[in-house]
Amino acid sequence: MTTDRTKGEVWGFAGQEDGRLSDVPRELLGKGRELADRLGVSLAAVLMGDGVEGLAPLLFEAGADKVHLVEDPALKVFRGKAYRHAMVELIKECSPQIVIFGATHMGRDLAPAVASALRCGLTADCTDLQIGDYADNKKKGEDGSPTIVKNVLQQIRPAFGGNIIATIVNPYNWPQMATVREGVMKPLAPQPGRTGEIVRHDSRLAGVDIPVEVVEIVRRHSTVNLKGSRIIVAGGAGVGSKENFKLLHELADALGGAVGGSRAAVDLGYCEHERQIGQTGVTVRPALFISCGISGAVQHLAGMQDSAKIIAINTDKDAPIFKVAHYGIVGDLNVVIPKLVKAIKKG
Ligand SMILES: Cc1cc2nc3c(=O)[nH]c(=O)nc-3n(C[C@H](O)[C@H](O)[C@H](O)COP(=O)(O)OP(=O)(O)OC[C@H]3O[C@@H](n4cnc5c(N)ncnc54)[C@H](O)[C@@H]3O)c2cc1C
């Protein structure tokens, strides 16, 4: 028996803040484009807010064929219940087959609430999404062969502490929903002038009691911009102390780069949490990544192994980081980094 359920659009949630889009919607639309083309359906962005229609052209340029626009003063600032209600109603109205969210603060709040309301399931923090067939051995046909559900979303993510890569499917309770880690999917090159259709929808929030009132928004601007850096110097437990992390800053300054760290470095208080790279930190893909005193655990590699060039400095010649490094220096970072800084400053 074969079922083909390739109807319904692919959606990417275009979360905005203060009328601005981050890179995440573009990343979702980059992957969404690939999925929609494979399925032969439209790719739509869902844009919610108040007075945000002006963002639609950016979403078309990023690959969307359509923008589902829901505007309401109650959606001006993200509040879980209002966004959940509007999103659930929109999904019921349009029946997309796939909905993907960024694993941002907003997406991590909204996606599970929507999935729970629709009882459709959700895979969080995916590192890849593909389309493929699923053989359901629990549903056998008369000839004893499994039911083949065609063109399901394969939701791929590390599981069991990153020790395996799991492929998760939801063949029946659609829409298939996933959140995707920031920085993991590649956006398409912007296509200036590309246009599409804007479909306006009622928020259906009239009469809905929203118990949260936003009184004030206090922002703390991060001084760390790992995702935007072409060169990253990252340190791990092997750096030995917070004081010694200054060595990494010296090297990063000499190269015009930024400083990142492993989770162990963060847990030991050597650097701030916003510098953490890996499965539970940021995902980076710089032109040059210099790894200093980092062993190369899978959870760390998940956030940096796609860097264009990786140089690793480690005293242990068998450290797993050398398996992904393009250049390896077996040595003490306290000796190697000052030499590098000196050489770079000499030009
Ligand atoms: C669910 C889960 C999520 C996680 N998420 C992340 C994550 O996002 N990011 C992350 O990084 N980790 C993450 N981890 C932790 C991860 O498993 C490792 O524990 C961590 O990455 C180890 O950090 P490290 O390499 O700095 O420390 P270690 O593993 O202790 O390695 C230190 C390295 O420094 C080398 N060294 C020591 N002295 C020197 C020296 N003087 N010069 C040069 N080299 C030296 C040693 O040979 C060693 O290889 C996660 C773990 C779990 C279970």
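The buried residues of α3 are covered by, among others, β5 (43–49), β6 (66–71), β7 (98–102), α4 (105–118) and β13 (197–201). Helices (H or I, at least four residues) and strands (E, at least two) are DSSP runs here, numbered from the N terminus. The model is a predicted one: local features need pLDDT of at least 70, side-chain atom pairs count only at pLDDT 80 or more, and totals for chains, interfaces and linings use all residues. Residue numbers start from 1 along each chain as its sequence is written.

As for α3 itself, its buried residues are Ala82, Tyr83, His85, Ala86, Met87, Leu90 and Ile91. A residue is called buried if 20 or more other C-beta atoms lie within 10 Å of its own, exposed if 12 or fewer, and partly exposed in between, with C-beta atoms placed from the backbone. The helix takes in residues 80–94, and since 15 residues at 1.5 Å each should span 21 Å, the 21 Å between its end C-alpha atoms agrees. That expected span is 1.5 Å times one less than the number of residues.

Strands count as paired if DSSP finds at least two bridges between them; β5 and β6 have six, in the parallel sense. Glycine 49 sits opposite glutamate 71 of β6.

Contact means that the C-beta atoms of two residues, placed from the backbone, lie within 7 Å.

What about the nonpolar cores? Such a core is a set of buried Ala, Val, Leu, Ile, Met, Phe, Trp, Tyr and Cys residues joined through C-beta atoms within 7 Å. The largest has 52 residues, and Ala45, Val46, Leu47, Leu59 and Ala64 have the most contacts inside it. Not counting residues up to four places away in sequence, valine 46 touches Trp11, Phe13, Ala14, His68 and Leu90. Another core lies apart from the largest one and has 36 residues, including Ile277, Met304, Ala325 and Leu340.

The protein splits into domain 1 (2–201) and domain 2 (231–346), with bounds that come from an automatic or database domain assignment. Their C-alpha centres are 34 Å apart, and eight residues of domain 1 are in contact with seven of domain 2.

Asparagine 173, in the loop between β11 (164–168) and β12, counts as exposed because it has 12 C-beta neighbours inside 10 Å. Glycine 260, in strand β15 (residues 258–261), counts as buried because it has 33.
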